[in-house]
Amino acid sequence: MPTFTIGETDFLLDGEPHRIVSGALHYFRVHPEQWADRIRKARLMGLNAIETYVAWNAHEPRRGEWDTTGWNDLGRFLDLVAAEGLHAIVRPGPYICAEWHNGGLPVWLTGMPGIGLRRSEPQYLAEVTRYLERVYDIVAPRQIDRGGNVILVQIENEYGAYGSDKDYLAELVRVTRDAGITVPLTTVDQPQPDMLRDGSLDGVHLTGSFGSRAQERLATLREHQPTGPLMCSEFWDGWFDWWGGLHHTTSVEDAAAELDALLAAGASVNIYMFHGGTNYGLTNGANDKGRYLPITTSYDYDAPLDEAGEPTAKFAAFREVIARYAPVPAVAPAPAAAAPEFEVALAPVVGDGVKRTGTRHPAPPSFEQLDHLGALVLYEAEVPSGASRDGEPTVLQVDELRDHAWVAVDGRRVGTLSRTRGERTLLVPAGSHLALLVEEQGRVNYEHRLGEEKGLITAPRLGGVPIEGWSATPIDLGQLAASGSPLAWGPRVARGSFTLEGPADLFLDTAGFGKGFAFVNGLLLGRYWSNGPQRTLYVPAPVTRSGANEVVVIELDGADPAAARFVAAPILGPLEE
């Protein structure tokens, strides 16, 4: 059987020096029927490997409900990589960051009372062990020394930026080896001495994550990894976007020059990202380094393949660089035709998609207490006596809101509260019934806010008087899309149909919409928001069909979606200066 090992200076494939030229492609961000196309284009750019994270919360959104079908069929994905003649690198975390919801950790896990995340705490390690054993059941038989294509497995992810528990890392290694993983193991950290020190472990090969100053960063890495091959296992060739920001791009010339510097130094590389894909559904994460910033639906990342899987100028530039160091296929992928442009009339859907639970709570329960994995909860309460004087407007105050709320008094919308904008108070008119529709906008995927609760975290006060006695209604977006909303002030649901000659990539233009969600043929494409930068939602061709198709828009911000317009190309917003 083939072998893949680590030598004094190089990776060794069957005992011969081997350089890894890999690209990141997350199976859970790409429609399964498009996996083969993206993998083939990786080979055509000159890559010899594909790297992927494994998203625990995609496979096990509820404890014990393990799923490896469809979008979660990791085994099929790895087999498609092998069929294209490429090696595979697997990074199962358990924490992955990736600008992905909760950093890949399931909400049920992070919500366990007393759990100690990302450290050698018994409750956490027990759950992580069960998770990793399931992943390795898929990965182990696909290792290169068993006739497969998996050559590396990563332990944790940029751990030195979070903690320094060596016992925790050692336990992950033990579980990994006990599960039959025999290929070399790696860690990754940014090339800062404290991170490299805290995130590494003796006997596990240390790699770096960076996107510039390659020679300097490799020198720092070498100080902490004295022998063996140098590898940048996250070469950042672009960046992600957040709502309210700009669309981030990196210079094609600069990125190509940095890739050239890495390869000229003899280093191996994994390009992050080769193809970013899309945060379909409610899978986007969020950053919070003093201000909460939810990640956009598009994870285009300014990568060599754009969100729709089409080669960019960066693809051609990287291909040219790689050709200086390794054979590159003679054929490059041909550009696709523009997507069809058309407009679809939308008709309102009014129904019973929001059915009150009737359950009362002294204080508003969190999404976690409601066991709700969706994006919306409707909170309602009666206004306490003494909250306002002589029918005058009164200040509503919510000290801790996660993350966005639309407020109504007596069935009339009166304003919004926003975590991102720091809006915690609102002057509301006098009335007897208060309602807040709260949206969870994405779970923080980084550092110590992992696993934070969502919803009304502190009880609202009206005129300084605490409001008690709440009902809380979890809202299922699929049911809402199918049945509409009975709330005159709440979500507006609109539906339209259109005809296609055959399956095709589409781009739904959300210009004129406010904030909400969109579906095509039952697939929740993700979130849209008028504050940008992203304006289009990508519709993957396998979701569409010849003949009749359906689009549904759930508008939360008060716009009137009378028509849905599809355009020829993505519009991801004004560029970062």
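How many bridges join strand 1 to strand 2, and in which direction do the two strands run? Three bridges join strand 1 to strand 2 (residues 11-13), and the two run antiparallel. The structure is a predicted model, in which local features need pLDDT of at least 70 and side-chain atom pairs count only at pLDDT 80 or more, whereas totals for chains, interfaces and linings use all residues. Residues are numbered from 1 along each chain as its sequence is written, and side-chain values use heavy atoms, with hydrogens and water left out.

Helices (H or I, at least four residues) and strands (E, at least two) are DSSP runs numbered from the N terminus, and two strands are taken to pair if DSSP finds at least two bridges between them. Strands of a sheet pair through backbone hydrogen bonds, either parallel or antiparallel.

Strand 30 (residues 506-509) and strand 35 (residues 563-567) run antiparallel and are joined by three bridges, and Phe507 has Val567 in strand 35 as its bridge partner.

Two packed helices are described by the angle between their axes and the distance between the axes. Here the axes are lines fitted to C-alpha atoms, for helices over the stretch in contact, and angles run from 0 to 180 degrees between N-to-C directions; contact means heavy atoms within 4.5 Å. Helix 1 (residues 35-45) packs against helix 3 (residues 74-83) at an angle of about 35 degrees, with the axes 9 Å apart. The crossing of helix 1 and helix 3 is right-handed (a crossing is right-handed if the near helix is turned clockwise from the far one by less than a right angle, and left-handed if anticlockwise). In this contact, Trp35, Ala36 and Ile39 of helix 1 meet Arg76, Phe77, Leu80 and Val81 of helix 3, a set that divides into six nonpolar residues, no polar residue and one charged residue. In this classification Ala, Val, Leu, Ile, Met, Phe, Trp, Tyr, Cys and Pro count as nonpolar, Asp, Glu, Lys and Arg as charged, and the others, Gly among them, as polar.

Helix 5 (residues 122-139) and helix 6 (residues 166-178) also pack at an angle of about 35 degrees, with their axes 10 Å apart, and their crossing is right-handed. Tyr124, Leu125, Val128, Thr129, Leu132 and Tyr136 of helix 5 meet Tyr168, Glu171, Leu172, Val175 and Thr176 of helix 6; by class, this contact has eight nonpolar, two polar and one charged residues.

Open space was examined on a 1 Å grid over the protein atoms alone, where a pocket is an open set of points at which a 1.4 Å probe fits, with protein on both sides within 12 Å along at least five of seven lines, and where lining residues have an atom within 4 Å of a point. Grid points are joined across faces, edges and corners, and a volume is the space filled by probe spheres set on the points. The largest pocket holds about 860 Å³ of space. Its lining comprises 33 residues, of which Pro61, Tyr280, Gly281, Leu282 and Thr283 lie nearest its centre. Helix 2 (56-59), helix 11 (477-483) and strand 32 (523-529) each supply at least two residues of this lining, which by class has 17 nonpolar, eleven polar and five charged residues.

The second largest pocket holds about 350 Å³ of space, and Cys97, Glu99, Trp239, Phe240 and Tyr446 are the closest to its centre among the 23 residues that line it. Strand 10 (231-236) and strand 12 (285-288) are the elements that give two or more residues to this lining, and the lining divides into 13 nonpolar, four polar and six charged residues. Cys97 lies in the loop between strand 6 (87-91) and helix 4 (107-110), and its phi is near 60 degrees, a positive value in a residue other than glycine.

Cis peptide bonds complete the description. The bond from Tyr272 to Met273 is cis, with omega near 5 degrees, and Met273 is found in strand 11 (residues 268-275). A cis peptide bond also joins Arg402 and Asp403, with omega about 20 degrees, and Asp403 is placed in the loop between strand 19 (401-402) and strand 20 (404-409).
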